[in-house]
Each structure stands twice: as C-alpha cells, then as structure tokens.
Amino acid sequence: MATIIEKIGSLASEEPFFSFEFFPPKTDSGVQNLIPRLRRMTKLNPLFINITWGAGGSTATKSLEIAKLCTEELGITVCLHLTCTNMEKRVIDEALANAKKYSIRNILALRGDSPRGEEYWTPPESQEFKYAVDLVKYIREQYGDYFCIGVAAYPEGYADGSSPEEQDPLLDLPYLVEKTKAGANFIMTQLFFDVDKFVAFEKMLNEHESGVFNGIPLIPGLLPISTYQSFIRTAKLSHANIPEDVMDKLNAVPNADDEQVKQVGVQVLVNMINDIYTRTSHRVRGFHFYTLNLERSTGLILEKSPILRPRAHGSTYVPQPVAVKEPVSIESALAAGVSGVKLDDSISAHWDDFPNGRWGDPRSPAYGEIDGYGVTLHATPDKALKLWGSPETSSDISDLFVKYLTGELPVLPWAEEEGLSAETKLIEDDLIKLNKLGLWTVASQPAINSVKSDDPVFGWGPHNGYVFQKALVEFFVPEQKFFSLKDKLQGNESISYYAGNASGDFFSNMSASDVNAITWGVFPNREVVQPTIIEEQSFRAWMDDAFEIWKEWQRLYSPSTKTYELMGNIHDSYFLVSIVHHDYVNGKALWELLHE
Ligand code: FAD
C-alpha cells in the first residue's frame, strides 16, 4: 500500500483530492451497516480514509479491524488514528505492529485526552507520552520511515476547556513546529467554518521563518451539515466559530426545516471548498470530511463541488479556473448519485436525515458518541477538579447533580453540553426532586403530544409536520433503592424499563427484541419517522460508557482518598435505570409515579 504522501505525489501538481473519516460504530449491527456504506463511499474515489481511535485505546480492536477490512478488502489507503495518553504503552506497540502487519502505512499521531499526569494515574511506562510529539518521535524511532505520519492542528487555536478568547493558533505554533520537525509528513486540521481563520493559519505556516512547513500538505477538516441540531452541537463541542453569514444562511431556513438545512449546508461547504482552494492559490488542495459515518451530505457536496466533482466522477483531472457553478438540484443529485454510485436509498437512509448519536437507532453506523473518540469527562483534569471538587459522600454527589440542574454548575461528567436544554428546563423541578432523593439523573425528556415540527423547543424535521415524545428518565440509583423501585416498575404496564450494573446484572420488563420509539414525527408525504428509539442493545452500549465515566472520574484522585473510594463504591454497587412512560398524553405521569 502506498503512503498518503506517495499518493499525493502521484497527482497532477494542483489536482484536488479528498478523504473521509469514519469512527468505529458503537454496536455490532452499526459495524455491519457501516461496511456497505464504506463500499459505496470508497467508490467516490477518496484518496484515503481515516479510522478514528477511541481515547485511551477504547476502540483499539474495532479500529484495527475496520482499518484492516478497508486495506485488505476494499483496497483503499487507510490512515489509522492513534492516541498516546492515558493508556498502556503496550497498546501503542500492538497497534503499530498490527498496522504494519495489515499493510497500513499511515498514522495520524495524536495526544488524546489531557494526560492525567501524576504517578498513580498513569502506568509509569506510559508517562513518556505527554504530547503528540512524543508519539511522532516514538514511531520514527521504532519504525523509521515505514509510516507516513500526520499530526493535528487547530486553525482557531487549540481549545482544552479554555475560553474562546484564550484560543490562539500562535500559542500552539511552537508545538506544531516541534511535531513537524520530529517527522510529521502532513497536517490535518480540526473542523472549522471560518475560512478567514483557516486562510490566516495557512499563511502563518507558509511564511514561518524556519521553513519547516514547506512541502508539508495542510489538509483542512470539514464537517458536512446534516441537521441543524447536530451542526450547532458539533460546532460547539469543537469550539468552532460559525461566521455570521453561515449562521444567517442556516437561520434563514424557514422553521429550521432539516431537509432544507441539509441543502443550504451543502452549498455552505461547496463555497468553503472553493474559497480555500482559491485563496490559498491551490496550495491547499486536499479536503478531509468528518463524515460522522453518514454519507448523504458528503456525497451531495462532492456532486456539487466544481473542485472535487471531477475526482468523485473518476475523470482525469484537467486544471481549470475555479468558478462556482449553478448548484445542481438536490433532487437530481440524489437521483443520480455521484459518478454512478447510488447513495443509500434504503430505509437506512433515514439515519442520515435525522439526529443520530446516543439516542439514535443503534443499527445506524452513526450511533454513539458524536465524534466517536470515546468516553471522556468533557473537562480537563484541572477543570474537572475545580468544578466538581472532591466529593466524599453520596450526598455531596447529589449536591453536584442538583447544582447542575439549577445552573450553578455548567457541566457534569455525563453532560456533553453546557447548561440544560430548553426542553429539560420544563421538567427541571421534577428532576431536582429526584436528585435530592439520590436518583442521579443523566438523561431525560418530557412527554409531548403533537407539537408543530417548527416549534422552537421541541421541533425537528420538515416543515408542516407534528412531533411527539414519550417521557423518559435515566438515573443512577443505589442497589437497595433500585430493588424496592423494581417491584413497582415490573408490574406497571404503562412503563418500560431497563436497569443494569457494572457487574453485568440486568433487569427489564421487556423482551430483548422489544423497541420503544421515544420520539417520532408525522410529516407530509412520508412515512412516520422515529429518529429516537431505545432498545436493549443501545441501553447496554450506553450503560458501559455511563459506568466507565465513574472510573474516569475516579482516576483523578489518589487511591488513598475518600473520593476515590466513594467513586469505586458507586461504580461497583449502583444501578443505571432507564424508564419510558407510555402515556405521552399525560405529561405528568412519569414524574408522579417516581415521586410516589
Ligand atoms: P498535541 O499536539 O499534543 O497538543 C495538545 C495541546 O498541548 C495543544 O494546546 C498544544 O499547543 C500543547 N502542547 C503540545 N506540545 C506541547 C509541549 N511540548 N509543551 C507544552 N504544551 C504542548 N482524539 C481521539 O481520542 N481519537 C481520535 O481519533 C482523534 N482524531 C482527531 C483528528 C483530528 C484531525 C483532530 C484535529 C483531533 C483528533 N482528536 C482525536 C482529538 C485530539 O486527540 C485532541 O484534540 C487532543 O486533546 C489533542 O491532540 P493533539 O494531537 O493535537 O495534541
């Protein structure tokens, strides 16, 4: 297999190219469904594809298996991501040895989560890896020039819990120089929407006095926009600035209609690609798509991009002046597919149209964490200690959960985003009551019975529809309390529940094949859509992560502390319980039942 640098070298001098990123799906059925998607998408002619690596090695086996499949069966050049912090050195050694065994020639060398740093947190032999540069050096020491190594860069400055004002690419520059000098062959960026910032960043590297970046490809990371919700969420998580004109375009979509958001999003990305290619005088000619394991938006961008379309169509590249062509209609692009590759038009295409992530269909390849990088506290160790202190009793933990709900704490280890969503605010008092009783809620939604699809709080999907929700709550609870609650839940036909603990005990009043739609919508000219479901497979997958977060939190403390002991006890003895109430007409039903 060729390296990425060899492949770029084989292109004509200004020929554009693109690459796709996929993450290992959370569930086995997600993996199975990713494979046909990979087959279709490799026919779009990406120069290479990236497979992500769960922080701390959490997806090591799956990442390697998918990378192997892509190399050996699909014959596509793979770039395997590899992080180096908070995991045993043995895992790095095995990953590199296996990558070589499977003829993988490209590694994106990353740091991963912030190193925990003190002796009792990290295995001593792993402490040589504090930053990505340490991994770059290690790979070069161990493997010479066998691997082509990529490193990450941040056009808007690296954000590690810092405020936007503290983000500054200049601060990271010396370390990017260091990583490049240590042997990086190409640079791939964090996703962004602000082309001005990227262009300024490219200029900064291009003009760097050391000349270290000369001839090093800089590949911008682009996020196709699939739905309004996921766009805002991902941009926020990545600390990406959304320029006013982009925001205005998306906000101009009547009622945030997701179908139209996708169309506008395609045009936004097409314009970004044009802008980058033109304004960097074609020095930047490779574009990396964070696909989030979805194919539709990426396919449409390729179809509409005058710069990338020739490659997606497999035609021989002929340099030509860049002009934004009249956009082809979405309908015709969908009907034609790209270069004869029909995009997925089966039922699974729904996965691309509506929110995925944790509450999506676990059979979707896109099911799981939004970036697929695995369990994290959503805060650096320093920030985590500052925010959550050192709780010593379960009532200290109850206080933290209540403080999150009242807005005194911006985040909790299980809460990806800062602050409560507008819909959670509506059940805030009910949740506070439960948390004060020691039922620590990590997810919830109120019931709604037929609300317009353009409702500012609950709305989603196309215009002129109606959406519905069943009330749901998920919480940690001590074993004893769970068993007394279980007696009430088991015989109640109005509710469905799942409960499990870290030792593998599992209870439910449903059979393994039962599925509950907890959000659904009825729209003109299509079948009922149910983007959010809960079933045993997804609950079990999430439960593993939810308990792992206790371990992750525990690792911040010395084993000799009360906090460490408390976290360990909670991890070992609590249950995670998920309850859906079927009476979505009576919005209070679930909360009344629990307050009893
Ligand atoms: P580094 O280059 O080590 O930099 C991290 C921070 O430390 C920066 O602020 C830098 O300025 C600073 N720094 C670097 N060196 C030094 C030094 N010697 N002294 C002091 N400060 C220093 N995460 C995953 O878990 N899995 C993935 O698959 C994954 N894929 C990614 C792909 C891309 C393209 C990008 C942009 C990120 C990805 N990440 C992934 C996230 C990444 O692991 C995190 O952003 C991580 O926190 C930083 O990684 P890095 O390689 O940029 O770190």
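**Entry 1: cysteines.** I kept in mind that this is a predicted model. I began with disulfides, since a disulfide is a covalent bond between the sulfur atoms of two cysteines. My search of the whole structure came back with zero disulfides. The cut-off I used for a disulfide is 2.5 Å.

C84 is buried, at 0% relative accessible area. C148 is buried too, with a value of 3%.

Entry 2: Next I asked which atoms sit 2.9 Å from a ligand oxygen. I found a side-chain N or O atom of H81 at that distance. For R111, a polar backbone atom is 2.9 Å from an oxygen of the ligand. D172 has a polar side-chain atom 2.9 Å from a ligand oxygen. On its own the ligand has 970 Å² of accessible area, and the protein covers 87% of that.

**Entry 3: the shell.** How many residues surround the ligand? I got 23, and the closest are W53, A132, Y154, Y158 and K179. By type, the shell splits into 13 nonpolar, six polar and four charged residues.

Then I looked up where they come from. α6 (169–181) is one of the elements giving two or more residues to the shell, along with β3 (78–83), β4 (106–110) and β6 (186–191). The biggest giver is α6, with four residues.

Key:
Residues numbered from 1 in each chain as written. Predicted model: local features only at pLDDT ≥ 70, side-chain atom pairs only at ≥ 80, totals over all residues. Heavy atoms only, no water. Buried < 20%, exposed > 50% of the residue type's maximum accessible area, 1.4 Å probe, protein only. Near = heavy atom within 4 Å. Polar contact = N/O pair within 3.5 Å; in protein donor to acceptor, adjacent residues only side chain to side chain. Areas by Shrake-Rupley, 256 points an atom, 1.4 Å probe, with all protein chains shown as cover. Nonpolar A, V, L, I, M, F, W, Y, C, P; charged D, E, K, R; others polar.
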